[in-house]
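Here are some points on the model for you to check against the coordinates as you read.

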Amino acid sequence: MPPPAASSRYPSPSQPSGKSEVTDLKSQLRQLAGSRAPGVDDSKRDLFKKVISYMTIGIDVSSVFGEMVMCSATSDIVLKKMCYLYVGNYAKGNPDLSLLTINFLQRDCKDEDPMIRGLALRSLCSLRVPNLVEYLLGPLGSGLKDNNSYVRTIAVTGVLKLYHISASTCIDAEFPATLKSLMLHDSDAQVVANCLAALQEIWSLEASHSEEACREKESLLSKPLIYYFLNRIKEFNEWAQCLILELAVKYVPSDSNDIFDIMNLLEDRLQHANGAVVLATVKVFLQLTLSMTDVHQQVYERIKSPLLTLVSSGSPEQSYAILSHLHLLVVRAPFIFASDYKHFYCQYNEPSYVKKLKLEMLTAIANESNTYEIVTELCEYAANVDIEIARESIRAVGKIALQQYDVNAIVDRLLQFLEMEKDYVTAETLVLVKDLLRKHPQWSHDCISVVGGISSKNIQEPKAKAALIWMLGEYAQDMSDAPYILENLIENWEEEHSAEVRLHLLTAAMKCFFKRAPETQKALGIALAAGIADFHQDVHDRALFYYRVLQYDVHVAERVVSPPQQAVSAFADTQSSEIKDRIFDEFNSLSVIYQKPSYIFTDKEHRGPFEFSDELGSTSITPEVSSDIVPAQQFEANDKDLLLSTDEKDDNKGLSSNNGSAYTAPYESSNISSQMQELAISGPAASATTTQSSFDFDDLLGLGLSTAPAPTPSPPLLKLNARAALDPRAFQQKWRQLPISLSQEYSVNPQGIAALTVPQSLIKHMQSHSIHCIASGGQSPNFKFFFFAQKEAEPLDYLTECIINSSSAKAQIKVKADEQSTSQAFATVFETALSKFGMP
Amino acid sequence: MMISQFFVLSQRGDNIVFRDYRAEVPKGSTETFFRKVKFWKEDANAEAPPIFNVDGVNYFHVKVVGLYFVATTRVNVSPSLVLELLQRIARVIKDYLGVLNEDSFRKNFVLVYELLDEVIDFGYVQTTSTEVLKSYVFNEPIVIAPARLQPIDPAAIFTQGAKRMPGTAVTKSVVANDPSGRRREEIFVDIIEKISVTFSSSGYILTSEIDGTIQMKSYLSGNPEIRIALNEDLNIGRGGRSVYDYRSSSGSGVILDDCNFHESVRLDSFDSDRTLSLVPPDGEFPVMNYRMTQEFKPPFHVNTLIEEAGRLKAEVIIKIRAEFPSDIIANTITVQMPLPNFTSRASFELEPGAAGQKSDFKETNKMLEWSLKKIVGGAEHTLRAKLTFSQEFHGNITKEAGPVSMTFTIPMYNVSKLQVKYLQIAKKSSSYNPYRWVRYVTQANSYVARI
C-alpha cells in the first residue's frame with residue numbers, strides 16, 4: 001500500500017525519505033536494546049510509536065523486526081503491546097524472524113500477570129506462520145485451562161486462529177471437543193460466546209468432508225442447547241446476544257408451544273437500544289412463525305414500532321440499515337404498513353440513499369386509502385432542489401399510477417408535471433406517460449392532448465425523446481401535428497446521436513404512415529433512406545427491413561409494424577417471488593441491503609451463517625415436496641442461482657430504464673420479436689418465404705433459422721439418453737461456460753397451456769421425452785425451467801433454458817450444447833416434445 | 001458475524017489507524033474504499049451509501065466528526081451489527097480521549113490500537129463497554145486542550161446555553177485525571193429531543209415527530225446504583241389502542257409511541273412508578289431512546305411570502321415567531337430557502353436594530369440563508385429580500401422556490417414535556433453528595449415550512 005500524503009504534523013511520508021528514517025530508527029532501537037538505564041522505557045515508547053505510525057500509513061518497517069524483538073524484553077505493558085502489534089503485522093512476511101519472537105511470547109504466556117499471559121497468547125496465535133504451529137499447542141492448551149477468564153476468552157479464539165493456520169493440527173489436538181465442554185460449563189459468558197463462534201466456524205468448514213463435524217454442527221441446534229443459551233441470554237453482552245439469536249434462527253421448533261416459549265423468552269430483546277439485537281430478534285420471530293399465518297401477521301404488528309424507533313434514533317447510516325429491512329417487510333406486507341406511510345416521508349436533510357429507499361417504500365405502501373396523500377407528498381418532492389430525488393419522486397408517482405386501478409387523479413398530477421416546464425421533470429414524465437398508456441390505453445385521450453402541446457425542442461434526453469416519438473407514432477390519428485413533428489425530427493436525423501431515438505423515429509414514421517399516409521409519405525421516405533445509410537447496425541437493419549416489407553406488401557407491413565393496440569398487463573421489472581423469498585430468508589444480512597440473494601455477491605465459503613439455512617431452512621420452508629419432483633425441489637438453491645441471471649436482465653427491461661426495446665409488439669417479448677424481424681431481413685431467402693400469405697412470428701422464426709450460421713442437415717435422428725443424469729452444480733458450471741448456441745421462440749398449443757397450471761406437469765412430460773428438469777420456478781403466467789438432456793451413447797450434453805408465458809402462449813428457449821452442430825437437431829426434438837404437451 | 005479489517009481514514013483519505021484481523025481482504029482496501037466513496041456517482045449530490053460491495057469485499061462506513069470509520073468483510077454479516085459496532089467504537093474512543101477529532105486521534109493512535117485489540121479479536125466483537133475495557137487498556141490519553149475543541153456532539157451545546165454548566169465536563173476523558181489529581185464526582189443526564197415538523201403551505205402541521213434520547217455520562221466512583229424517575233403520567237404505545245385512549249386528545253400526559261433502553265437499565269418498577277434503575281457503566285451512553293408523534297406545540301411559527309414585483313423582480317418576506325416562554329432563549333438559528341433558479345441577485349433588509357443577524361444569498365446553489373445568534377421566547381423576527389431575475393419566468397413562482405427550512409437549538413426546553421422528576425444516587429455515606437446535572441435541549445432535525 002503506497003503511503004498517502006501525510007499531514008504536516010507527520011513529516012514522514014514519501015518512500016525515499018521514509019527509508020532513511022527507518023534506518024535511523026533501526027540504529028536508535030539497537031542502542032536502546034540492551035540498555036537498562038532509567039527512563040529507557042520512555043525512549044523506547046517514543047520509538048515504538050514512530051514505528052507503529054509508519055506501519056499505519058503504509059511504510060514498510062519490517063526491516064527493524066530484529067531490533068523490535070530485542071527491545072521487547074521489558075516489563076512495560078504498553079511497550080509490550082506495541083511490540084505485539086508490530087510482530088503480528090510482519091510475522092507472516094518474515095517467518096524466519098518470527099522464530100525469534102516465539103521464545104519471548106512463550107515465556108510471556110507463563111507470566112504471573114493474566115493480562116500478559118492473555119496478550120502473549122493472542123499474539124502467538126496471530127503470527128499466522130504455518131511451520132510454527134507446533135509452538136502453539138502447549139500455550140493454547142494451558143490457556144484454555146487458565147483460571148483467568150480473560151486468558152480463556154483469548155485461548156478460545158486462539159483455537160480458531162490455529163484452525164485457520166492448520167486445520168489438521170487443531171483437530172488432531174482435539175481442541176474442538178475442549179471448546180464444546182467449555183461452552184457448556186464455563187462460568188464466563190464471553191468464553192462461552194467465543195466457544196460458540198469458534199465451533200460454528202470450525203464445524204461448518206469441517207462439515208464438507210467430515211460426517212462427525214456435520215453431526216456436531218447440527219447438535220448446536222438441539223433443543224437443550226438452544227434453551228441453554230436463550231435462558232441466560234441476558235448474561236451475554238449485546239454482541240454475543242446477536243450470535244445466539246443468529247443460532248436460534250436456525251433452530252427448528254418441535255411444536256407451537258416451543259415457538260411461543262422462545263418468543264416469550266425473547267420478547268424484551270425488541271426493546272434493546274442496539275439495532276443489531278432487535279433485528280436478530282425480529283428474524284427469529286419471523287422465521288419461527290412462518291407457518292402460522294395469524295401469528296406471523298401479529299409479529300409484523302409487534303415489530304413495527306421498535307423498528308421505527310431505531311430508524312429515528314440512530315445515525316443516518318444505522319437508519320439506512322434498519323430502513324432497508326423495513327423496506328423488505330413493507331414490500332412483503334404493504335397492507336400492514338399502509339397507515340404508517342407518514343413515517344416514510346423524506347426529510348429535507350436526509351442523505352439521498354435514505355430518501356431513495358423511502359420513495360420506494362411509499363410506492364409499495366400506496367393503496368386506495370392513502371394514495372392521495374402519498375402522491376401529494378411526492379409531488380412536493382418533484383420540485384426538490386436535489387434533481388436526482390425529484391426524478392425519483394416523479395418515477396414513484398408513475399409507478400403508483402401503474403399499480404392502481406383508479407388512476408384518474410394521478411394522471412392529472414402527472415400531466416401537471418408537464419406544466420412545470422423543467423426539462424428533467426418533463427423528461428421523466430414523458431417516459432411515465434408512455435408506460436401508463438401502454439398499460440391503460442383508455443387514458444390516451446387525456447394524455448395525448450397534453451403531450452401534443454409539448455415542444456419537442458425542449459426534450460433532449462434520449463429516453464424522453466423516444467417516449468414522445470413512440471406516442472407520436474402510436475397516436476398519430478389523435479395528434480394533428482404528429483406527421484409534421486416527426487418530419488421535423490427526421491430532417492434533423494444527422495444531429496440525433498441516440499440510436500434508440502433513431503430506431504423509434506423509424507417505427508413511428510411507419511405507424512404514422514399507415515394512419516396518415518399522404519402527410520407522412522415524404523418523411524417516411526427520408527427516414528428510410530437515412531436509416532439504411534445509418535452507421536448503426538440496428539438502425540440500418542430495421543430501416544432495410546421496413547423498406548423490404550413495404551415493398552413486398554403494405555398491408556403485411558402494417559400488420560407487422562402497427563398491430564392493434566393491446567394493453568400490457570405487467571411489466572417485466574419485478575423480482576421473481578423466489579428471489580424475494582430468498583432475500584427474506586436472509587433477513588438481517590447484506591442480502592437485504594443489496595436486494596440480492598447472497599450467492600450473487602459472496603462466494604460459498606463466505607456466506608456465513610446462511611450455509612445452515614441452505615440445507616435446513618429450505619426444507620422446512622417449502623413443505624409441499626412431492627416425491628416425483630424431488631430433484632427440482634432439492635436443488636432449489638441452485639435453481640435460483642441460475643434464475644437470477646435472467647432476472648437481472650429483466651430488470652434492465654424495466655420501467656425505469658427502458659432500453660432500446662421497440663414498443664411495437666404489445667408483449668413483453670417485444671425485444672425478441674423485433675430482433676426476429678431484424679433476423680428475417682438479413683436472410684437471402686426472405687422474399688421467397690414471405691410469399692406465404694400467413695405471416696406470423698413463427699414464420700419469421702423459421703426464416704431466421706434457415707440463415708443461422710453453420711446450417712446443418714438437421715437430421716431429426718437425434719436420440720437422447722433416457723437415464724441421463726447431471727449434478728445441478730455441474731449444470732450450473734456448464735451453463736456459465738458454454739455460449740448460447742441457439743435461441744428460439746415457439747408457440748405453445750392451448751392444450752399445453754391448459755395443462756401448465758404448475759411447473760411439475762411439464763417437467764413430467766418432458767421427462768418422458770428424455771429431457772430432464774434440473775430446476776424450475778415461477779407461477780402463472782411466467783414459468784421458467786432449466787432442462788438437461790444427453791445424447792445417447794455419447795457424453796454430450798444439451799442444456800436448455802425455457803421460459804413459458806402462458807398468457808401469450810409462447811415459449812422462449814435458449815440452448816447450450818457441448819456439440820454445437822447438433823443443437824438444432826436437439827431443438828427440434830425439444831419442440832416436438834413441447835408440442836405434444838397437454839395432448840392426450 | 002466476523003469483520004476482516006477496521007480502519008479510520010481522514011477526510012483526505014489518510015490512514016489514521018488500520019487493523020487487519022483476518023487477512024482475508026487484499027491489500028489496497030483503504031484506497032479502494034476511499035475512491036469509491038469520493039466518486040460515488042457522476043451525480044455530485046448522491047452520497048455513497050454506508051454499505052457497498054467492491055469485488056466481493058463488503059465495505060461498511062460511518063462518518064463521525066469528518067472521519068470515516070470503516071470495516072470490511074467478505075462474509076454476509078448483519079449490516080446493523082457492523083454499523084452499530086463502528087458507531088460504538090467511535091463512542092468508546094471518545095470516552096477515552098474526551099474529545100474526538102482528527103487531532104486527538106492522531107495524538108493517541110497507540111491507545112486506539114490498544115482499544116481495538118480488545119474490542120475485536122479475529123473479527124469477532126469482544127466488548128465495546130468502556131467500563132470493561134478500562135481494565136485492559138494502559139496508555140494514558142493525551143488530552144488535547146479544551147480551547148481547541150469544536151462543538152461536535154449534542155452535549156457540547158450546553159457550553160453556550162447555561163453558564164453554570166461546567167463546559168469541559170462532557171469532554172473529559174473517563175480515565176484521565178483532572179490537573180488537580182482529583183476526580184470530581186458528577187453525573188450528567190441530558191434529555192435531548194430532535195424534532196421534525198413539516199408545515200403545509202397553508203401553515204398547518206402535516207407531520208411532526210420527536211426523537212428523544214436520555215443520555216447519561218457518569219463520572220461517579222464506585223459505580224453506585226442510580227434511579228431515574230420520569231413523569232408519572234407517561235404512557236407508552238398508542239398505536240394499538242388509540243381508539244380508546246381519550247387522554248391522547250385531552251393534552252394531559254406524555255404518550256410515547258415507542259421507546260428502547262440501554263442494556264444496563266432495569267425496568268422492574270417502570271410499569272408501576274415509571275422509574276428506571278441502573279448501575280451506569282463508564283462513558284457516555286443512551287439510557288433510553290423514545291419516539292413520539294403526539295401533537296406538540298412547534299417552537300417556531302414560520303410565515304413566508306414570495307411575490308412577483310415587476311417583470312424581473314420578486315420580493316420574499318420570511319417571518320418567524322418564537323412560541324415558547326420568554327425565559328427560554330433559542331440559539332444558533334439558521335433559516336434557509338432555495339430561490340428560483342434564475343435568481344441573479346438578492347438584496348436583504350433586516351429589521352431595524354437587528355443584532356446578531358446575518359443574511360446571505362449563495363449564488364452557486366441559489367440559496368437564501370438567514371442566521372440569528374439567538375431568539376428570545378415570544379419574539380418575532382422578519383427578513384425581507386428583493387430578488388432580481390436574469391430571465392422572465394412563466395407560471396407559479398411559489399413552485400420555483402422553497403421550502404423554508406430551519407435549524408436551531410433551544411437549551412433548557414423540551415417540547416415533549418417528558419421530565420426527569422428526580423435522579424437518585426444510592427448513597428455511600430452521608431457526606432457523599434455528587435454533582436447531578438439534568439439538562440434539557442431541543443434541536444431541529446427537519447423543520448420545514450412549505451410555501
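A polar contact is a pair of N or O atoms within 3.5 Å; within protein, one of the two must be able to donate a hydrogen and the other to accept it, and residues adjacent in sequence count only if both atoms are side-chain atoms. Please bear in mind throughout that this is a predicted model.

1. With that definition in hand, consider A:Ser315, which lies in the loop between helix 17 (293-313) and helix 18 (316-332) of chain A. Its side chain makes a polar contact of 2.9 Å with the side chain of A:Gln318, and a polar contact of 3.1 Å joins the side chains of A:Ser315 and A:Glu317. A:Ser315 is buried, its relative accessible area being 12%, which is under the 20% that marks a buried residue.

2. Still in chain A, helix 43 (residues 759-767) has A:Pro759, A:Leu762, A:Ile763, A:His765 and A:Met766 as buried residues. Because these residues cover an arc of only 165° around the axis, they are on the same side of helix 43 of chain A.

3. In chain B, 9 strands form an open sheet of mixed pairing, in the order 13-16-9-8-26-24-19-22-21. Strand 13 (258-261) and strand 21 of chain B stand at the edges with a single partner strand each, so one side of each is left without a neighbour in the sheet. From one strand to the next, the twist averages 15°.

4. At the edge formed by strand 13 of chain B, the pairing can be followed residue by residue. Strand 13 and strand 16 (residues 283-292) of chain B run antiparallel and are joined by 4 bridges; in strand 16 of chain B, B:Met288 is the bridge partner of B:Phe261. Helix 2 (residues 79-97) of chain B lies across strand 9 (205-218) and strand 16 of chain B, and runs at about 135° to strand 16 of chain B.

5. B:Phe122 is buried, with a relative accessible area of 8%.

6. B:Lys366, in the loop between strand 21 (357-362) and strand 22 (367-376) of chain B, likewise has a positive phi, of about 55°, without being a glycine. B:Lys366 is buried, with a relative accessible area of 14%.

How values were computed: Residues numbered from 1 in each chain as written. Chains lettered and ligands numbered in written order. Predicted model: local features only at pLDDT ≥ 70, side-chain atom pairs only at ≥ 80, totals over all residues. Heavy atoms only, no water. Buried < 20%, exposed > 50% of the residue type's maximum accessible area, 1.4 Å probe, protein only. Helix = DSSP H or I, 4+ residues; strand = E, 2+ residues; numbered from the N terminus. Arc of directions from axis to C-beta. Pairing = 2+ DSSP bridges. Axes fitted to C-alpha atoms, helices over the stretch in contact; angles between N-to-C directions. Contact = heavy atoms within 4.5 Å.
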